[in-house]
Amino acid sequence: MVRLLRYLWALPPTLFGMLVAIIARMSGGTLQRMDGVLEAAGGWPAWVLRRGLPFSGAVAAITLGHVVVGVSLAALAETRAHERAHVRQFERWGVLLLVLYPLAGLLAWVRGGHPYRDNRFECEARAAAEDARHR
């Protein structure tokens, strides 16, 4: 029951992520399900990620609820622990994360930091990835 509630709480960004995943698949990308998360690699969304996003520049992957979109299958494997931390953040904060994430970036910037690197949500995801590397 708790797992279902986590999926429902993160449903709005997940639905958007599913749309992006469909676009990836329709433009030559691949889809796979891994640990309850839909992963999309390649296609047009990969081109967008390689070109860069505001404040972060080019990224290997991005999480939208229970969907992770990456530039390639290798990038998805390499960033899995980091992106799963973002999945857990969506499970915790739901659609609110779509507002809290940019606010955390703005707060980091106001404090003299970088809006992406010093964003508390990114710091948490990097720590989770580092933790996974040492296990």
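**Strand pairing and helix packing in the predicted model**

Ile-62 has Val-69 as its bridge partner in E4. Residues are numbered from 1 along each chain as its sequence is written, and side-chain values use heavy atoms, with hydrogens and water left out.Moving on to the overall picture, the protein has six helices and four strands, where helices (H or I, at least four residues) and strands (E, at least two) are DSSP runs numbered from the N terminus. Along the sequence the pattern reads α-α-β-β-α-β-β-α-α-α. The C-alpha trace spans about 40 × 40 × 30 Å along its principal axes. For 135 residues, a compact globule would have a radius of gyration near 14 Å, and the protein agrees with its 14 Å; the radius is taken over C-alpha atoms, and the globule rule is 2.2 Å times the number of residues to the power 0.38. Of the 135 residues, 38% count as buried, meaning under 20% relative accessible area, with exposed being over 50% and partly exposed in between (1.4 Å probe, protein chains only). Among contacts between residues at least 6 apart in sequence, 52% join residues at least 24 apart, a contact being heavy atoms within 4.5 Å.

Now for the sheet. Four strands make up an open sheet in the order E1-E2-E4-E3, with mixed pairing; two strands pair if DSSP finds at least two bridges between them. Strand E1 (30-34) and strand E3 (61-64) sit at the edges, each pairing on one side only. On average, neighbouring strands of this sheet are turned by 20 degrees against each other, direction ignored. E3 and strand E4 (residues 67-70) pair in the antiparallel sense over four bridges, with Thr-63 opposite Val-68 and Leu-64 opposite Val-67. These two strands, E3 and E4, form a hairpin with two residues between them, and Gly-65 in the turn has a positive phi of about 70 degrees. E2 and E4, on the other hand, pair in the parallel sense, again over four bridges, and here Glu-39 stands opposite Val-68.

In a regular strand the side chains alternate between the two faces of the sheet. E4 is covered on both faces: Val-67 and Val-69 on one side, and Val-68 and Gly-70 on the other, are all buried.

That leaves the helices. Two packed helices are described by the angle between their axes and the distance between the axes. The axes of helix H2 (residues 11-26) and helix H3 (residues 43-51) come within 5 Å and cross at roughly 105 degrees. Axes are lines fitted to C-alpha atoms, for helices over the stretch in contact, and angles run from 0 to 180 degrees between N-to-C directions. Val-20, Ile-23 and Ala-24 of H2 meet Gly-43, Trp-44 and Pro-45 of H3. By class, that contact has five nonpolar, one polar and no charged residues, with Ala, Val, Leu, Ile, Met, Phe, Trp, Tyr, Cys and Pro counted as nonpolar, Asp, Glu, Lys and Arg as charged, and the others, Gly among them, as polar.

The axes of H4 and helix H5 (residues 97-110) come within 10 Å and cross at roughly 120 degrees. His-86, Gln-89, Phe-90 and Trp-93 of H4 make the contact with Leu-97, Leu-98 and Leu-100 of H5.

Notes. Predicted model: local features only at pLDDT ≥ 70, side-chain atom pairs only at ≥ 80, totals over all residues.
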